[in-house]
Amino acid sequence: MGKLDEKVAVITGGNSGIGLATAKRFVKEGAQVFITGRRAVDLEKAVNEIGGNVTPFQGDISVLADLDRLYDLVKQKAGHIDVLFANAGGGTFGPLGQISEEDFDKTFGINVKGTLFTVQKALPLLKDGSSVILTGSTTSIEGTPAFSVYSATKAAIRNFARTWILDLKERKIRVNVLSPGATKTPGLLGLVPAEQGDALLGSFAERIPLGRVGDPDEIAKVAVFLASDDSSFVNGVELFADGGQAQI
Ligand SMILES: NC(=O)c1ccc[n+]([C@@H]2O[C@H](COP(=O)([O-])OP(=O)(O)OC[C@H]3O[C@@H](n4cnc5c(N)ncnc54)[C@H](OP(=O)(O)O)[C@@H]3O)[C@@H](O)[C@H]2O)c1
């Protein structure tokens with residue numbers, strides 16, 4: 001018996017990093033999974049890697065028409081959603097003084113607007129009692145040099161969960177934030193040129209009490225907990241999977 005047997009799950013940003021690792025875990029636990037991303041080639045690779053009950057969808061979460069197409073597909077193939085992992089997101093470094101309007105609009109457009117409409121447009125398909133998981137970050141409560149715009153988007157996500165559990169009270173839909181610390185993904189490594197990747201991971205590891213960065217599967221296991229009935233009384237929390245970084 002899997003922890004997610006007969007559940008229908010949608011994972012945005014499921015073709016890479018944390019979303020991909022979570023899609024693998026969800027399928028292993030018995031779920032029917034939809035994964036999204038903008039890059040078709042990576043979606044196809046992900047489907048092959050996951051190897052099971054997975055449907056890819058190419059689209060951009062910051063484009064509302066793409067979200068409509070996504071949920072049309074889910075409706076047609078599955079009829080409803082039990083677990084929504086609104087995980088797609090990202091950011092770039094830029095110190096105050098060098099932040100462009102374009103970077104601001106792009107980061108808020110994906111992480112905040114995209115996450116909001118990913119959830120809002122799913123509401124007609126989400127079953128009462130379902131689980132919504134938003135990907136936050138330790139940056140929601142910490143300062144990180146040259147990372148203020150990204151960090152502010154994750155602070156916004158943290159409040160979405162606090163407020164949405166009130167808006168969704170009648171439907172008993174749980175909303176939680178899963179906040180990873182530095183985790184070795186293509187997204188994290190993409191913040192710097194390839195030759196600086198090891199140095200970046202080393203500098204993050206120094207600030208983490210466990211002395212290392214996370215593996216995407218370590219975040220995926222927490223996503224399974226939040227998705228499943230094991231967390232049936234957990235609602236509105238920000239659950240950090242960060243080796244202790246945000247607790248010191
Ligand atoms: N890795 C870390 O250290 C870390 C720490 C804290 C929080 N996080 C958060 O964890 C989440 C996943 O990041 P990751 O580290 O796994 O990075 P990743 O490997 O770059 O994965 C990001 C995923 O999001 C998708 N995505 C990005 N923008 C999108 C858009 N506009 N529409 C649809 N999909 C989009 C990407 O697919 P396409 O590019 O194909 O669209 C990709 O599948 C993000 O929300 C990130 O902020 C990561």
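This is a predicted model: local features need pLDDT of at least 70, side-chain atom pairs count only at pLDDT 80 or more; totals for chains, interfaces and linings use all residues.
Residue numbers start from 1 along each chain as its sequence is written, and side-chain values rest on heavy atoms, with hydrogens and water left out. Local features need pLDDT of at least 70, side-chain atom pairs count only at pLDDT 80 or more, and totals for chains, interfaces and linings use all residues.

**View 1. The shell around the ligand.** The ligand has 29 residues around it, the closest being Asn15, Ser16, Arg38, Tyr150 and Thr185; a residue belongs here if one of its heavy atoms lies within 4 Å of the molecule. Sorted by class, that's 9 nonpolar, 16 polar and 4 charged residues, with Gly counted as polar and Tyr as nonpolar.

View 2. The largest share, 3 residues, comes from α6. Helices are DSSP runs of H or I with at least four residues, numbered from the N terminus.

View 3. A polar contact is a pair of N or O atoms within 3.5 Å. Polar backbone atoms of Gly13 and Ile18 each sit by a ligand oxygen, at 3.3 Å for Gly13 and 2.8 Å for Ile18. From Lys154 it's a polar side-chain atom, 3.0 Å from an oxygen atom of the ligand. Of the 870 Å² of accessible area that the ligand has on its own, the protein covers 93% (Shrake-Rupley method, 1.4 Å probe).

Technical notes:
A polar contact is a pair of N or O atoms within 3.5 Å; within protein, one must be able to donate a hydrogen and the other to accept it, and residues adjacent in sequence count only if both atoms are side-chain atoms. Helices (H or I, at least four residues) and strands (E, at least two) are DSSP runs, numbered from the N terminus.
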